[in-house]
Amino acid sequence: MKKYFYIILMLVGSLYASGGLVGSAYEYGTNARSISLSKTMISNYNRGNNAFSNPSLLGSVKKNEYSFSHFSLSLDRFMHTLSITLPVPEEQAALGISLFVTGVEDIPMNDNQPDDYLEMGYYDTFEGYLMCSFGAKFSKKLSLGINFRFMKNEIANDYSADG
């Protein structure tokens, strides 16, 4: 019985190991703290970046918060984030505007013919979103928040998708 459990566990685990799932590019953290603490940021106050991890924490914002992150990753990958959070006057609520962009630069294009390898230049790809957030604190134990995302994907300036 124990053997079957391990086999099922390995099969289920392999389904999520591909990394090619829709939206997997947005699973990165948005700053050094959220990358190092991974998914635990959903319950922690992260100054300037609460809209990305948990918009209900926006109700705890007391003054304007700004955040900018730039990551140059290996293999010509990049990630940029920008976030502005403004508290609503005389309320325990806040509004946020955030931008998240990730992509790859200088991907070589080629003709994969075995007898005649031809390099055709380079192209870039990116995907990202603009997000509007609202969060409010109603009591010591109840906070609510919501995000609206406007998404954009583009490959080589020829193919794009919006959502």
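Contact here means heavy atoms within 4.5 Å. By that count, residues 24 or more positions apart account for 46% of the contacts in the chain with a separation of 6 or more. The model is predicted. Its chain has 163 residues, and 28% of them count as buried. Three helices and six strands make up the secondary structure.

**Overall layout**

- From the N terminus on, the elements run α-α-α-β-β-β-β-β-β.

**Largest pocket**

- The largest pocket holds about 410 Å³ of space.
- Its lining has 19 residues, and the closest to the pocket centre are Glu 27, Tyr 28, Lys 39, Phe 52 and Ser 53.
- Two helices, α2 (32-37) and α3 (50-53), each supply at least two residues of the lining.
- By class, the lining has eight nonpolar, eight polar and three charged residues.

**Largest nonpolar core**

- Eight residues form the largest nonpolar core: Tyr 26, Ala 51, Phe 52, Phe 71, Met 79, Phe 100, Tyr 129 and Met 131.
- Helix α3 and strand β4 (118-137) each supply at least two residues of this core.
- Phe 52 belongs to this core and is also listed among the residues closest to the centre of the largest pocket.
- Ala 51, another core member, touches Leu 58, Ser 98, Met 131, Ser 133 and Asn 147, not counting residues up to four places away in sequence.
- One of those partners, Met 131, is itself in the core.

- Thr 85 lies in strand β2 (residues 77-87).
- Thr 85 has a relative accessible area of 0%, so it counts as buried.
- Leaving out residues up to four places away in sequence, Thr 85 touches Leu 58, Val 61, Lys 63, Asn 64, Glu 65, Ala 94, Leu 95 and Gly 96.
- Met 109 sits in strand β3, which spans 93-111.
- Met 109 counts as partly exposed because its relative accessibility is 28%.
- Along the sequence, Met 109 and Ala 156 are 47 residues apart. In space, their C-alpha atoms are 9.9 Å apart.

- Asp 76 is found in the loop between β1 (65-73) and β2.
- Phi of Asp 76 is near 60 degrees, a positive value in a residue other than glycine.
- The relative accessible area of Asp 76 is 44%, so this residue is partly exposed.
- Glu 90 lies in the loop between β2 and β3.
- Glu 90 is not a glycine, yet it has a positive phi of about 60 degrees.
- Glu 90 counts as exposed because its relative accessibility is 81%; the cut-off for exposed is over 50%.

- Asn 44 is placed in the loop between α2 and α3.
- With a relative accessible area of 27%, Asn 44 is partly exposed.
- Asn 44 contacts Arg 33, Asn 50 and Leu 57, leaving aside its neighbours within four places in sequence.
- Asn 44 and Ser 34 are ten residues apart along the chain. Their C-alpha atoms are separated by 9.6 Å.

**Chain end: Gly 163**

- Gly 163 lies in the segment after β6 (159-162).
- Its relative accessibility is 62%, so Gly 163 counts as exposed.
- Leaving aside neighbours within four places in sequence, Gly 163 is in contact with Arg 149, Phe 150 and Met 151.
- Arg 149 is 14 residues from Gly 163 in sequence. The C-alpha to C-alpha distance for this pair is 8.1 Å.

Note on methods. Residues numbered from 1 in each chain as written. Predicted model: local features only at pLDDT ≥ 70, side-chain atom pairs only at ≥ 80, totals over all residues. Heavy atoms only, no water. 1 Å grid on protein atoms, 1.4 Å probe; cavity = no way out; pocket = protein on both sides within 12 Å on 5 of 7 lines; lining within 4 Å. Points joined across faces, edges and corners; volume = space filled by probe spheres on them. Helix = DSSP H or I, 4+ residues; strand = E, 2+ residues; numbered from the N terminus. Nonpolar A, V, L, I, M, F, W, Y, C, P; charged D, E, K, R; others polar. Buried < 20%, exposed > 50% of the residue type's maximum accessible area, 1.4 Å probe, protein only. Core = buried A, V, L, I, M, F, W, Y, C linked by side-chain atoms within 4.5 Å.
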